[in-house]
Amino acid sequence: MESTYYNPADLKKFGNITELQPEMGRKFFDYYNEVFKEGALTEREKALIALAVSHAVQCPYCIDAYTSGCLEKGADENQMMEAVHVAAAIKGGAALVHGVQMMNKIKELSM
């Protein structure tokens with residue numbers, strides 16, 4: 001087995017976060033479960049969004065969970081990879097757009 005900082009077995013322990021603060025944990029899971037119910041978006045669409053966000057925030061537990069969730073909800077590999085590319089484009093764009101701040105500062109300091 002590969003040794004990593006993140007233990008994949010810990011994902012199954014996520015529900016245990018309620019142990020130290022049961023009320024807040026229940027509130028979180030109530031909210032979380034409500035968010036992922038079918039609404040204006042299908043459960044599959046929400047799983048694809050969650051997969052993309054998981055990559056943007058770089059959470060290996062989330063990546064594992066939402067990869068499985070996407071497959072269970074009928075997403076295919078191409079849809080999943082496209083979602084990851086959307087996340088990468090947004091994250092890259094968010095970094096680059098801050099270059100405007102740098103350019104403004106350069107102009108300010110050059111005057």
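How exposed is Phe28, in terms of relative accessible area? Phe28 is partly exposed, at 34%; partly exposed sits between buried (under 20% relative accessible area) and exposed (over 50%), using a 1.4 Å probe and protein chains only.

A word on the ground rules: this is a predicted model, in which local features need pLDDT of at least 70, side-chain atom pairs count only at pLDDT 80 or more, and totals for chains, interfaces and linings use all residues. Residues are numbered from 1 along each chain as its sequence is written, and side-chain values use heavy atoms, leaving out hydrogens and water.

Now to the rings. Searching the whole structure gives eight aromatic pairs, where rings of Phe, Tyr and Trp (its six-membered ring) pair if their centres lie within 6.5 Å, with planes under 30 degrees apart stacked, over 60 edge-to-face and the rest tilted. Two of them are set out here.

| Pair | Geometry | Centre to centre | Angle between planes |
|---|---|---|---|
| Phe14 and Phe29 | edge-to-face | 5.2 Å | 70° |
| Phe28 and Tyr32 | tilted | 5.6 Å | 35° |

Helices here are DSSP runs (H or I, at least four residues), numbered from the N terminus. Phe14 is partly exposed at 35%, whereas Phe29 is buried at 17%.

Phe28 and Tyr32 both sit in helix H1, four residues apart, about one turn of the helix. Tyr32 is partly exposed, with a relative accessible area of 25%.

How values were computed
Helix = DSSP H or I, 4+ residues; strand = E, 2+ residues; numbered from the N terminus.
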